[in-house]
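Dear colleague,

Please find below the structure that I am handing over to you. My findings follow it, and I would ask you to read them with the structure open.

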2 protein chains.
Amino acid sequence: MAMDISAEELAVRLQDRGLRLTRPRRVILEVLRGLDTHPTAEELYFLVKQRLPHISLGTVYRTLGILEDLGLVQELTVEKRGTRYNGNPQPHYHLACRRCGRVVDLDLPLLNELNAQVAAQSGFAEVTHRLEFCGYCPACQRENGSPP
Amino acid sequence: MAMDISAEELAVRLQDRGLRLTRPRRVILEVLRGLDTHPTAEELYFLVKQRLPHISLGTVYRTLGILEDLGLVQELTVEKRGTRYNGNPQPHYHLACRRCGRVVDLDLPLLNELNAQVAAQSGFAEVTHRLEFCGYCPACQRENGSPP
DNA sequence: TTACTTGCAAATGATTTGCTCTAAA
DNA sequence: TTTAGAGCAAATCATTTGCAAGTAA
């Protein structure tokens, strides 16, 4: 199943860098992969805590940093509202609600040809991009006025 | 000249909201408009300080927040490296260096048709987007290894 | 056994806020 | 004058880091 593949992937990629597969690392990735939301480090911390009651927030931050380096999770910076983490490793774009901060994944073709275009016109190398949409989600369009 | 237009714009827009046109507000906008870089609040603070030695960092932050509300400057969040401010009020995309953090404006057609497409498929309203590129700038491609 | 990791707490860095005095209108 | 705004410093918030104890390999 998907979860096993993740754990295997994780073990291999950690070993490649001389890092160990520990319980917190495995559980953090599993929990994040099991979500279709995009939690902050703190939100994820509380979720993981249900399985590992002694986990610390520092470990969550450290682990997320490693998982990002390994390409297993993506960070996304939803304007001002802090960093959120995405367990979906396929590249895709996001749509965030300006009012409540909720983030959803979008199904949109990737604009990868732009990277080469930008590299050519700027002289920058290894160009990638991030495309983020924001608007007001259906719920917030109704509840306009009341707090998030 | 352009600077006068900005000051006029500023006065009008502030008055519309019952806000006053003060020396710090005028100077902060002038300095930012006069740059083709994208300074952090602190960098801008030091620049403004050359003209207004008693200015405080808090005032710079407060003023930038107001100018953003007024649509006179844009905030941009270059992943992790903090918020930068852009005095160029025309919508455009950015390219940042992963290593030194430098940001340049790009001359690329706007992808505004995507907003409607995303709104239609998601039910979100007033959809806008932000497209940011990153890569390694020419200088950092050479100096690879040494600190930024 | 031998590092790498963790949990904890303290440190950091960016941004915000409270308060008193100053200065637009 | 009157009241919004500035300057200053303390507070806040997210994230990082140092260190002693725990645990993969």
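Before the two protein chains are compared, one term is needed: copies are superposed by least squares on the C-alpha atoms of residues with pLDDT of at least 70 in both. Please also bear in mind that this is a predicted model.

**The two copies**

In general, two copies of a chain are related by a rotation about an axis and a shift along it. Here, chain B is superposed on chain A by a rotation of 180° with 0.1 Å of shift along its axis, and the RMSD is 0.2 Å. The two copies are therefore related as by a two-fold rotation axis. Within chain B, Leu131(B) has the C-alpha nearest the axis, 2.2 Å from it. Both copies use the same surface, since 100% of the contact residues of chain B recur in chain A.

**Two helices of chain A**

In chain A, helix α2 (residues 23-33) packs against helix α3 (residues 41-49) at an angle of about 110°, and their axes are 10 Å apart. Angles of 65 to 115 degrees count as roughly perpendicular, so α2(A) is roughly perpendicular to α3(A). Which residues meet in this contact? From α2(A) come Val27(A), Ile28(A), Val31(A) and Leu32(A), and from α3(A) come Leu44(A), Leu47(A) and Val48(A). By class, this contact of α2(A) with α3(A) has seven nonpolar residues, with no polar and no charged ones.

**The surface near DNA strand C**

DNA strand C is surrounded by 16 residues, and the closest are Leu19(A), Arg20(A), Arg25(A), Thr59(A) and Tyr61(B). Of the atoms of DNA strand C that come within 4 Å of the protein, 67% belong to sugar and phosphate. By class, the residues of this surface are six nonpolar, five polar and five charged.

Both chains take part: α2 and α4 (57-69) of chain A and α4 (57-69) of chain B each supply at least two residues of the surface near DNA strand C. The largest share, three residues, comes from α4(B).

- Phosphate: a phosphate oxygen of DNA strand C lies 2.8 Å from a backbone N or O atom of Arg20(A).
- Sugar or linking oxygen: one such oxygen of DNA strand C is 3.3 Å from a polar backbone atom of His54(A).
- Base: a base oxygen of DNA strand C lies 3.4 Å from a polar side-chain atom of Arg62(B).

Yours sincerely

Methods:
Residues are numbered from 1 along each chain as its sequence is written. Chains are lettered from A and ligands numbered from 1 in the order in which they are written. This is a predicted model: local features need pLDDT of at least 70, side-chain atom pairs count only at pLDDT 80 or more; totals for chains, interfaces and linings use all residues. Side-chain values use heavy atoms; hydrogens and water are left out. Axes are lines fitted to C-alpha atoms, for helices over the stretch in contact, and angles run from 0 to 180 degrees between N-to-C directions. Helices (H or I, at least four residues) and strands (E, at least two) are DSSP runs, numbered from the N terminus. Angles under 35 degrees count as roughly parallel, over 145 as roughly antiparallel, 65 to 115 as roughly perpendicular and the rest as oblique. Contact means heavy atoms within 4.5 Å. Ala, Val, Leu, Ile, Met, Phe, Trp, Tyr, Cys and Pro count as nonpolar, Asp, Glu, Lys and Arg as charged, and the others, Gly among them, as polar. A residue is near a molecule or strand if one of its heavy atoms lies within 4 Å of it. A polar contact is a pair of N or O atoms within 3.5 Å; within protein, one must be able to donate a hydrogen and the other to accept it, and residues adjacent in sequence count only if both atoms are side-chain atoms.
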